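Please keep the sequence and the model in view while reading.

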Amino acid sequence: MEAPTYSSKQVAEMLGVSAKQIPPESRKDIYTPDDIWELRTTLNAFPARLGHRRQLFLNFKGGTGKTSLSTSYAWRLAELGYAVLLIDLDSQGHATKCLGYEGEDFEKTLLDVLVRKTPLAKVIQKSTLPNLDFVPSNLTMSTMDLALMPMSGREFKLRNALKDVEAQYDVIVFDAPPSFGLLNLNALMAANDLFVPVLADFLSFHGLKLLFETVQSLEEDLNHVLDHVFIVVNSFNATFKLAKEALEALQTHYPEFLLPTIIRQCTKFAQASSEGRPVFVADPTSKGATDIQAMIDNILPRLVAAAAAAPKKGTQQAG
């Protein structure tokens, strides 16, 4: 994927300044990501700190649009000025593809890090945004669970691997496959925050029940407590009666975890992912982009407040 370009209006919005605050010598009709990062540095227009968050997008049920959501979320956080690392945990490499890359083009994946002890820094790749890096995935990752099985401390391999790089990033986003195994257990043990994308249908309830049982067992057996659990209703179509009924059931049974922001069904969102582009590149005015931005606006104040209230070591001591 080629680097995106931005209008002056978009740049001012991402920097959180007015167009008049952009220095005259820096004003252009079209800006590249590197132009924006230089401007951000010049104006010291960096967002409020979040600590160092590790955020997992996971649902044991497939087809919830998890990867489209996680990659667009990570992309938008980077556009807003956060240093982000996106780690693709799925052997299908869909998160890698959503950033415009093919997993098969990369020699090393997280398998090399967790199993062959390659330093994570040697596997991290640069995206077209200067502050968004990623760890690619491909079919070699399909053997990960078997490779981890005989290892001691196998559920902590990912958390330990992050130690050398996590200080460089405000947010590390994990995109997980829709299954439960040792790799997803590693991701849960490494995460501070869990995002659970669900569809507004009653099949989603079984997946939620299983996931919450797993989270509870981690608390009891491994003493790992997540800071936040966010349930995100994705691809919602208000014209469907069953969707409305399912949403009401979610609001009744999971009110403390359900985000008020709903990601509406959006054909441009799905199309963007299939083309290897985040929705904010394909169509930043689409319903999908608007709703993800609303979700971010809902979550960020909580994370900023938590970072401000945390001890100096911050969220790195969590888990």
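## Fold and packing report

Lys117 counts as exposed because its relative accessibility is 73%. This residue lies in the loop between helix H5 (110–114) and S3. The model is a predicted one, and the values below are computed from it.

Asn44 is found between helix H2 (33–43) and S1. With a relative accessible area of 61%, Asn44 is exposed.

**The sheet**

In what order do the 8 strands of the open sheet run? The order is S3-S4-S2-S5-S1-S6-S7-S8, and the pairing is mixed. Strand S3 (125–126) and strand S8 (258–264) stand at the edges with a single partner strand each, so one side of each has no neighbour in the sheet. Strands of a sheet pair through backbone hydrogen bonds, either parallel or antiparallel.

Both senses of pairing can be found here. S3 pairs with strand S4 (residues 132–135) in the antiparallel sense, over 2 bridges. Gln125 stands opposite Phe134 in S4. S6 and S7, by contrast, pair in the parallel sense over 6 bridges. Val198 has Val233 in S7 as its bridge partner. S7 is mostly covered, with 8 of its 9 residues buried.

**Helices across the sheet**

Helix H3 (residues 66–79) lies across several strands, including strand S1 (53–57), strand S2 (84–88) and strand S5 (171–175). H3 also lies across S4, strand S6 (193–198), strand S7 (228–236) and S8. H3 runs at about 165 degrees to S5. Helix H10 (residues 241–253) lies across S6, S7 and S8 and runs at about 170 degrees to S7.

**Helix pairs**

Two packed helices are described by the angle between their axes and the distance between the axes. Two such pairs are listed here.

| Helix pair | Angle between axes | Distance between axes |
|---|---|---|
| H3 and H13 (residues 287–309) | about 65 degrees | 10 Å |
| H1 (residues 8–15) and H2 | roughly 45 degrees | within 11 Å |

H1 is therefore oblique to H2. The crossing of H1 with H2 is right-handed. On the H1 side, Val11, Met14 and Leu15 meet Ile36, Leu39, Arg40 and Leu43 of H2. By class, this contact of H1 with H2 has 6 nonpolar residues, no polar residues and 1 charged residue.

H3 and H13 are roughly perpendicular to each other, and their crossing is right-handed. H3 contributes Leu69, Ser72, Tyr73, Arg76 and Leu77 to the contact, and H13 contributes Ile292, Gln293, Met295, Ile296 and Leu300. Sorted by class, the contact of H3 with H13 has 7 nonpolar, 2 polar and 1 charged residues.

**Helix H8 and Leu188**

How many of the 9 residues of H8 are buried? The count is 9 of 9, and the helix is mostly covered. Among the buried residues of H8 are Leu182, Asn184, Asn186 and Met189. Leu188 has its place in this helix, which spans residues 182–190.

Is Leu188 buried or exposed? Leu188 counts as buried because its relative accessibility is 1%, and the cut-off for buried is under 20%. Leaving aside residues up to four places away in sequence, Leu188 touches Leu56, Leu58, Phe180, Leu194, Thr214, Leu218, His224 and Leu226. Ala12 is 176 residues from Leu188 in sequence, and the C-alpha atoms of Leu188 and Ala12 are 36 Å apart in space.

**A residue of helix H9**

Leu210 lies in helix H9 (residues 203–221). At 39% relative accessibility, Leu210 counts as partly exposed. Leu210 and Phe236 are 26 residues apart along the chain, and their C-alpha atoms are separated by 22 Å.

Note on methods: Residues numbered from 1 in each chain as written. Predicted model: local features only at pLDDT ≥ 70, side-chain atom pairs only at ≥ 80, totals over all residues. Heavy atoms only, no water. Pairing = 2+ DSSP bridges. Helix = DSSP H or I, 4+ residues; strand = E, 2+ residues; numbered from the N terminus. Contact = heavy atoms within 4.5 Å. Axes fitted to C-alpha atoms, helices over the stretch in contact; angles between N-to-C directions. Buried < 20%, exposed > 50% of the residue type's maximum accessible area, 1.4 Å probe, protein only. Parallel < 35°, antiparallel > 145°, perpendicular 65-115°, else oblique. Left-handed = near helix turned anticlockwise from the far one by under 90°. Nonpolar A, V, L, I, M, F, W, Y, C, P; charged D, E, K, R; others polar.
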